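Here's a quick tour of one protein model, written for someone who likes to see how the pieces pack. Have a look at the structure first, then read on.

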Amino acid sequence: MDPNFLDNPAFANLSPEKMQFLLSFAQKEKPVNMKDVMPFLLSNMRQAKENHIDFTKPEVELICELLAKDLPPKEQARVRQLMSLISMSRPNQAP
C-alpha cells in the first residue's frame, strides 16, 4: 500500500483513533490474492469495531481501493465487484 495514502483528501478529517488504526493497517503485510483479501479486511474491520472505530462507506471504499491497487488486474476487478455488492447492501451505513 502506498505509504502516502493518508495524504488523500478523503482522510483529511479523521479522528486520531481512526488515523492510528489506519497507520497500523498500512504497516501490516497485505494479501496478494483475492482468496486472502476478504478474511484480511474482515479481521481488520472486526478489530476496528472492537475498538469502537467506525468507518464511513466512502472511507471503506477508499481503503479497499488502496488495498486492491497492489493486486493483479483480475483480482482488482473482483475486489471492485465485491465492493459494489457491499455498497448495494449497505447504502449509507458505516461498516
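Let's start with a helix pair: V37, F40, L41 and M45 in α2 are in contact with V60, C64 and L67 in α3. Keep in mind that this is a predicted model. The axes of α2 and α3 come within 12 Å of each other, crossing at roughly 140°. That angle makes α2 oblique to α3, and the crossing of the two is right-handed.

Now for the core. The largest nonpolar core has 22 residues, and F11, V37, F55 and V79 are the ones that touch the most other members. Helices α1 (16–27), α2 (34–50), α3 (57–68) and α4 each put in at least two residues. Which helix gives this core its largest share? That's α3, with seven residues. As a general point, nonpolar side chains in soluble globular proteins tend to be buried together.

On the charged side, the count is one salt bridge. R78 pairs with E75, with their closest N and O atoms 3.8 Å apart; the cut-off for such a pair is 4 Å. Both residues sit in helix α4 (residues 73–89), and because they are three residues apart there, about one helical turn separates them.

So how do the two partners compare in accessibility? Here they are side by side:

| Residue | Relative accessibility | Class |
|---|---|---|
| R78 | 43% | partly exposed |
| E75 | 15% | buried |

E75 counts as buried because its 15% relative accessibility falls under the 20% limit.

Note on methods
Residues are numbered from 1 along each chain as its sequence is written. This is a predicted model: local features need pLDDT of at least 70, side-chain atom pairs count only at pLDDT 80 or more; totals for chains, interfaces and linings use all residues. Side-chain values use heavy atoms; hydrogens and water are left out. A salt bridge is a side-chain nitrogen of Lys or Arg within 4 Å of a carboxyl oxygen of Asp or Glu. Helices (H or I, at least four residues) and strands (E, at least two) are DSSP runs, numbered from the N terminus. Buried means under 20% relative accessible area, exposed over 50%, partly exposed in between (1.4 Å probe, protein chains only). A nonpolar core is a set of buried Ala, Val, Leu, Ile, Met, Phe, Trp, Tyr and Cys residues joined through side-chain atoms within 4.5 Å. Axes are lines fitted to C-alpha atoms, for helices over the stretch in contact, and angles run from 0 to 180 degrees between N-to-C directions. Angles under 35 degrees count as roughly parallel, over 145 as roughly antiparallel, 65 to 115 as roughly perpendicular and the rest as oblique. A crossing is left-handed if the near helix is turned anticlockwise from the far one by less than a right angle, and right-handed if clockwise. Contact means heavy atoms within 4.5 Å.
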